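Please keep the structure in view while working through the numbered points.

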Amino acid sequence: MVSLVEAGSSSGTMAPDPIDGVIARLEDPRTAESLHQLIDHLDLLAVLVVGLDQLVGRGDTIADSIGAGLAELRSVQKPPVDVAQLLAMGRQFTDAAPALLDFLPVVERIASSDLGDPRLTDLAATVARAAIRGSADGAAVPVSGIRSLLRMLKDEDVSRALGFVFGIAKALGQELKPAEAKPAATR
């Protein structure tokens with residue numbers, strides 16, 4: 001490449017002074033505006049330069065990590081996820097989504113009602129255990145008349161169970177009252 005000084009000396013004319021060229025460019029308003037913008041953002045420019053320097057400095061490490069990741073992917077015989085199975089599950093979900101969306105208001109109503117109360121679940125489990133144990137013991141307890149019924153009422157377990165049933169019956173009767181007659185504590 002031929003420099004301006006060499007080109008000027010061979011043609012017999014003097015090359016323009018490089019400083020004059022810089023001064024002429026600085027006098028251009030667009031150049032001055034660009035320099036003002038650079039000066040206004042020197043802090044950002046410094047951060048970019050430092051970041052690029054660190055990126056270049058760690059280029060070997062980054063390249064090694066990418067190469068190791070690609071080598072690991074190549075060595076896998078079977079993909080970690082069965083794509084065909086994943087697509088089939090996606091199709092099944094898509095088919096089931098409308099029905100699930102139709103069922104959502106029911107689930108919301110159950111969740112916001114007393115049916116979602118953990119105490120109800122515990123109570124249902126207690127009743128289920130008693131029903132299983134009572135039916136597993138064999139024959140039902142014979143009640144042949146008023147006397148045998150009165151004897152059964154003296155049994156501590158029967159008395160406790162009947163008290164429980166009568167408590168539920170009383171609360172159910174209160175729940176079945178018209179809305180204006182219900183006490184505030186039951187709601």
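1. Serine 148 is found in helix α8, residues 146–153; helices here are DSSP runs of H or I with at least four residues, and strands are runs of E with at least two, numbered from the N terminus. Serine 148 is buried, its relative accessible area being 9%. Buried means under 20%, exposed over 50%, and partly exposed in between, with a 1.4 Å probe and protein chains only. The side chain of serine 148 reaches the backbone nitrogen of serine 144 at 2.8 Å.

2. The model is predicted: local features need pLDDT of at least 70 and side-chain atom pairs count only at pLDDT 80 or more, while totals for chains, interfaces and linings use all residues. Residues are numbered from 1 along each chain as its sequence is written, and side-chain values use heavy atoms, with hydrogens and water left out.

3. The protein chain has 9 helices and 0 strands. Of its 187 residues, 2% count as buried.

4. Where does histidine 41 lie? Histidine 41 sits in the loop between α3 (29–40) and α4 (42–57). With a relative accessible area of 44%, histidine 41 is partly exposed. A polar atom of its side chain lies 2.9 Å from the backbone oxygen of glutamine 37.

5. Aspartate 155 caps the N-terminal end of α9, where one of its side-chain oxygens lies 2.8 Å from the backbone nitrogen of aspartate 157. The 20 residues of α9 should span 28 Å at 1.5 Å a residue, and the end C-alpha atoms are 29 Å apart, which agrees. The expected span is 1.5 Å times one less than the number of residues.

6. The largest pocket holds about 760 Å³ of space. A pocket is an open set of points on a 1 Å grid over the protein atoms alone, where a 1.4 Å probe fits, with protein on both sides within 12 Å along at least five of seven lines; lining residues have an atom within 4 Å of a point. Of the 20 lining residues, the closest to the centre are Ala130, Arg133, Asp157, Val158 and Ala161. The elements giving two or more residues to this lining are α7 (118–136) and α9 (156–175).

Conventions. Grid points are joined across faces, edges and corners, and a volume is the space filled by probe spheres set on the points. A polar contact is a pair of N or O atoms within 3.5 Å; within protein, one must be able to donate a hydrogen and the other to accept it, and residues adjacent in sequence count only if both atoms are side-chain atoms.
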